Amino acid sequence: MLDYYGLLDHPAGGLAQIAARHHVTSRTVANNAAAVRAAGSRLPLPAPLIAEAARASAPGDDHLGRVRIATTLGLPAPPAAVVDESAPVGTAQPGHVTVARAAVRVLAAVGPLDLPTVATAITRTRRVRARNPLSHSASAPR
């Protein structure tokens with residue numbers, strides 16, 4: 001049953017995965033879990049254990065295992081971890097990365113400059129290329 005609750009060296013998995021690891025049927029795993037759940041809901045629980053089992057899952061927690069533990073103890077399922085999608089990784093366009101690298105080289109060579117001066121310097125370094133010029137709004141920090 002430790003495998004069912006994700007308390008071994010890997011997170012909780014599906015019934016079929018657990019059954020295959022232990023060479024039993026998924027129905028056997030489900031019956032054992034139901035028996036433990038019936039006994040667990042009758043246990044007197046200390047307040048710190050209730051607080052820990054009912055807290056929201058943190059990123060990296062085994063949420064399925066935490067839900068199974070809370071359900072077994074007769075507690076409400078903990079909410080899932082909040083995922084921060086405000087800063088997606090790897091969304092910069094290659095042209096913008098090239099411009100940013102050029103801006104860093106210019107700033108490293110001459111020191112801090114205002115945005116229009118940086119844009120003019122980058123445009124001069126890229127004028128031999130047939131590309132769209134960089135506008136001030138495209139280079140402004142967001």
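The model is predicted: local features need pLDDT of at least 70, side-chain atom pairs count only at pLDDT 80 or more, and totals for chains, interfaces and linings use all residues. Residues are numbered from 1 along each chain as its sequence is written, and side-chain values use heavy atoms, with hydrogens and water left out.

The chain has seven helices and zero strands, in the order α-α-α-α-α-α-α along the sequence. These elements are DSSP runs numbered from the N terminus (helices: H or I, at least four residues; strands: E, at least two).

Colour the residues by relative accessible area. Of the 142 residues in the chain, 21% are buried; buried means under 20% relative accessible area, exposed over 50%, and partly exposed in between (1.4 Å probe, protein chains only). If contacts are displayed as well (heavy atoms within 4.5 Å), 46% of those between residues at least 6 apart in sequence join residues at least 24 apart.

Now select Leu2, Leu7 and Leu8, which make a nonpolar surface patch of about 280 Å². Patches are made of residues with over 30% relative accessible area and no salt bridge; like charges are joined within 9 Å, and nonpolar side chains (Val, Leu, Ile, Met, Phe, Trp, Tyr) within 5 Å. Leu8 is found in the segment before α1 (15-22) and is partly exposed, with a relative accessible area of 40%.

Select Tyr4 and Tyr5 next. How many aromatic pairs does the structure hold? There is one aromatic pair. Tyr4 and Tyr5 form this pair in an edge-to-face arrangement, 5.0 Å centre to centre and with 85 degrees between the planes. Rings of Phe, Tyr and Trp (its six-membered ring) pair if their centres lie within 6.5 Å; planes under 30 degrees apart count as stacked, over 60 as edge-to-face and the rest as tilted. Tyr4 is buried at 9% relative accessibility, and Tyr5 is buried at 8%.

The remaining stops concern salt bridges, in which a side-chain nitrogen of Lys or Arg is within 4 Å of a carboxyl oxygen of Asp or Glu. By this rule the count comes to three.

Select Asp3 and Arg21: they form a salt bridge whose closest N and O atoms are 2.9 Å apart. Asp3 lies in the segment before α1 and Arg21 in helix α1, so the pair ties together parts that are 18 residues apart in sequence. Is Asp3 buried or exposed? Asp3 is buried, with a relative accessible area of 3%, whereas Arg21 is partly exposed at 37%.

Finally, select Glu52, Arg55 and Asp61, which are linked in a network of salt bridges. Arg55 meets Glu52 at 3.0 Å, N to O, and Asp61 at 3.1 Å between the closest N and O atoms. Each member is partly exposed: Arg55 has a relative accessible area of 31%, Glu52 of 41% and Asp61 of 29%.

Methods
Accessible areas come from the Shrake-Rupley method with a 1.4 Å probe; for residues, only the protein chains shown count as cover.
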